[in-house]
Amino acid sequence: MEKIVIKGRRCSKGVAQGEAVVSYNDALAMGADIDRETGLVIAPRHELQGKEVGGKILVFPTGRGSTADPWGFYWLMKIGKAPKAIINIKANPTTVAGAIISGIPMIHELDKNPLEVIETGDIVCLDANKGIVEVIKVKKS
Amino acid sequence: MEIILRGHLASRGRVEGIALVSSKPFEFRHVDTKRGIIFASGHNLEGQSVKNKILVFPYGCGPTTEEWGLYELKKAGVVPKAIVCMSAYPCSTIGAIISNIPMVYGFDCNLLEVIQTGDHLWVDADKGLVRVSKR
Amino acid sequence: MPLSLTLEEEHMLSGDYGSGVQKSMDLLVQIGEAFGAERMVEISSSHLIPYEIMSASRFGVPPAKWFEDWVLEMTEGVSSFRVVTTINPAIVNPQRAIELGFKELGEIDPTESVIKGMEKYKRMGAIPVYTCCPFLIFTPRKGEHLGGAESVAVAFYNTFFGAKVNRESGPTALAAAVTGRVPEFGMHHLDSRYGQLLVEINRGLDSNKFTYADYNALAYYVGEKAQGRIPVFYGLSQNLNVTQIKYLCAPLGVSAGLPMCHIVGVTPEAPTVEIALGGRRAEDKIEFGVEQLQEAYRQLTTANDERVDAVTIGCPHATLQELGECAQLLGGEKVSPKVKLWVGTAETIRFIGERMGYVKAIEDAGGFVVTDMCAHSYSYCRGAFSRKHALGTVATNSAKAAHYIQIIGSAKTWFGSTEQCIKAAISGRWQ
Amino acid sequence: MYLNREEKRMLEGECGELIQKSMDLLVKVGEAYDAERMIEVTYAHLIAWELTDILFELFSQMTGNAKVRIPTTVNPLLFNMGRAKELGIPESSMTELERILSRLIKAHDKMGVIPTYTCHPHYIYELRIGEHVALTESNVVMFANAWLGARSNIEGAATAIASAITGKTPYYGLHLIGNRYGKVQIDIGRDLKPDQFDYADYGALAFWAGKSLKDRIPVYNGLSRKMTPAHAKYMCTPQILHSCAAMFHILGVTPEAPTLEATFGGKKPEDRFIIGKKQLESAFETLCSAKGREIDLVCLGCPHCNIQEIGEIAQLLRGKKVSRQVRLWIGTNEPTRILAKRMGFIDTIENAGGLVFADMCAGTGAALRMSEALGIRTVATNSATLAGVVPIRARGRVGVWFGKTRVCIASAIRGKWGNN
């Protein structure tokens, strides 16, 4: 079992551990792109379309979406379908605001590109307060 | 003694007459539109009529309806014969154009030092010339 | 460098001004830290988005209480906003909800929550403009720092006026209004405002003949390709008017979250290409020609049925000029009884539109000039309204509307010029 | 003066007699200022023409059946006839006023003018920096130039119409960047507190500055960087009461004044003044022309109030009553009134006995014209424009108390001018 540690900048406080879901290319809007009942990605043509994000460590390049996006995030949290944590290459402030008001840990600006380090299915432990991400590779690469 | 002053055309026409010199910036809305008498209190020309005079002032000023003041004087027949000034406030110029009053501006001397009330002036606005014959 | 706060800001953060100010400042500080801000800047205005936009669910469960409680927390102990505060359209105009067909939805009535939200913000001094074009009321000046959400407003403030505002979100816009501060990063730094992506309008396209939809398509296409880089549009007419610039700004935030663009020869920070790029080389260049224009139109069009059930215009809210154009295009003809035609605008514009006879012309024809609300976001983007009124196909001249109807709504879209839209409203068919 | 093909056709009468006349006027003005050519303008603002038959005849000759070619807004009317009763306009004057106002309103409608009837039309047409426009009404022109960075000369009533129907203006004066630089530096004295300036202070400042400017553009150095558009609004017309410079800069605030160097175009100021406490106080004194402390009218909203100002007035009046002897008039535009109504400001003000009018010029319009009929001898205001214009034009029949907004409101409540 391989363990990789990368460091980044805190967006929203907290500590979490879970299974990674990675969007390698597409930006994601926590409000508009995710179904507010099922927590499944519904955006057409999105690489995560049909995937569930609830309870996952969600990794994607950056956020997108309307300026009401944080409330969509908050909603997911309220119905128990929010991700456990979020990791971005470079965060969009709307995603950060959503993470903060929903109390979901979030990190960006890491010393290695998280999309190159983390694969869907990896176990990721993250301490946003310290800006540390631990990636445990489950699959053999 | 005669002096020739070179200025710039503002509104076309040629005319001669007697100078009436305002030491202050001039506002046509401060002239009575029926009698042509300056009513602004404290003005050096207060109580005098602009009718048939060649009005000399440093520059025009005031809210933008200046041209109406001049136009109404024209309609009432109490309009000055011409305007000679240093800076041409666009609203004075427009007033002179729509009222067909010759106007010249922009001299390289201080008009107020050269021209006095009562001097005889020949104004050729097309050429931008003013000839002053001292009283 | 850590984020340093002024004495007053420290007091805000430590709770001396009450818990609402504290929570708001805390949110802003956290955001600031995440983006490396070194300090807060004072702002002169913030633009809010009403939270009840979230409270009307397509599932019939309005979790209004969540958001009401959240807003109460953020504003606890705050009697009034610290800066000029404007506010976005509501999801529905409560006064016209019945007339427009909202009250027969069988789901829980949203108007109550709308009115509650309106009253709450109004009591705190928000100017009840209810429009996504608050620049019609508040005119910022070049270089002025602002807070605020709503991508249209943000892009317009940055692009048209040269004011400095990040593309914020509902919560931070509220926190900005409560504290009068925003963290200084992004658009607040001159250096981050330079263009990076040069967009050249191909000679094959006559941009002088661009319709609003064409400006929309251009910006939408560029937004999708921009990857967060600020575009510099080169080769557009130098006489762009407010309405055209509005349509160029609106899609920027939609497809890519861009907070601004430069239009060479038009916008204040772009007298020349060189100045717009900050003296640097463009990172990339996009040629925009007929092909690219068509691609954008294809993306924004999902309908294949010629029959049109609804036409929505006024996203972003229509200017007076657009109301005039709609009235003229209707030309005394009637809107097909099978079609809903809504033109969204601000009440202040509608008023002048009434004086000009435009509103009467549109409403006599059977259309609605709707104010204080978004003409598509609730109706066509949520399922219930579309299902109830059997709105399978919606036509619009707005890329933003088309995008959101496609993504959130269930209806299919036609995207085209105002003229095509009005013709479709009259004939009931897209041509 | 170079004219392009379209402009030549206009001048030669191929586009009709009215366009020909308009173009002729614009060419003459262009020649007066050595304009090289015409430029296109995108927007015009007109003044609502005055009541005399002579002027209306001129207006009709100029406009005829012409339509405006560009978006065109218009200044306030002299009265809002819909509220004539509340204004106290005597029955005997009503018919005549109706006649002259309605013919003007009809003429505007026919031309396609946007009937904004306000001296603050910037909510309906957003000007951008560097946009060439043709505006009249000193307050509109100067706000557009100074605050918004648009470019307009101070047009007359006639040239504004000519530009509205031709879409052109001669390229001279403030359209040229070289003529927009500051010439005179005005430093705000250290004994003043610009952060606490009221609208009246801004007006008094500009009034005082105007006396030494002649045709030179001032650069104010030391004003609050937090000043608002409403503050700038009060600085416009007072400046041209004694000068003919239709532009000003505020260092660090207005768009063309980022640095002293840029504002002066790299040159040294021709002149430099300090305005301190003494100068400002003397401006206030000059602008106070009233004799007795009894007041008949408190007039605010010159130029038209924006929503913040109406909110401030409502705040000052909350729970109070305006004295029975005093009228309180507040001028604004209709969209602002709609918003103020929604915010409850109008109810607060009108319950206290004040009146909020749209569409009309309360100060230099109604109060001045109707002073005799309404028995108005003393007016209190926070507007340096009104204080500078009305006493002279009323030939001493009307005196003005000029002071800060809160003093005006306190005086409205007490019925007498004064602070307490």
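Predicted model: local features only at pLDDT ≥ 70, side-chain atom pairs only at ≥ 80, totals over all residues.
One of the residues involved is His45(D), whose bridge partner in S3(D) is Thr73(D).

This pairing belongs to an open sheet of three strands in chain D, ordered S3-S2-S4 and parallel in its pairing. Because strand S3 (72–74) and strand S4 (134–135) of chain D each have a single partner strand, they stand at the edges of the sheet, and one side of each is left without a neighbour there. Strands of a sheet pair through backbone hydrogen bonds, either parallel or antiparallel.

From the sheet we turn to the chains and their contacts. Three pairs of chains are in contact, and among these the pair formed by chains B and D shares the most contacts. Chain A, by contrast, does not touch chain B, the nearest C-alpha atoms of the two being 45 Å apart, and chain A does not touch chain D either, with a separation of 24 Å between their nearest C-alpha atoms.

Chains C and D meet in a contact that takes 25 residues from chain C and 26 residues from chain D. On the side of chain C that touches chain D, helix H12 (320–330) and helix H13 (347–355) each supply at least two residues, and the largest share, five residues, comes from H13(C). Sorted by class, that side of chain C has 14 nonpolar residues, six polar residues and five charged residues.

Methods. Residues numbered from 1 in each chain as written. Chains lettered and ligands numbered in written order. Contact = placed C-beta atoms within 7 Å. Pairing = 2+ DSSP bridges. Helix = DSSP H or I, 4+ residues; strand = E, 2+ residues; numbered from the N terminus. Nonpolar A, V, L, I, M, F, W, Y, C, P; charged D, E, K, R; others polar.
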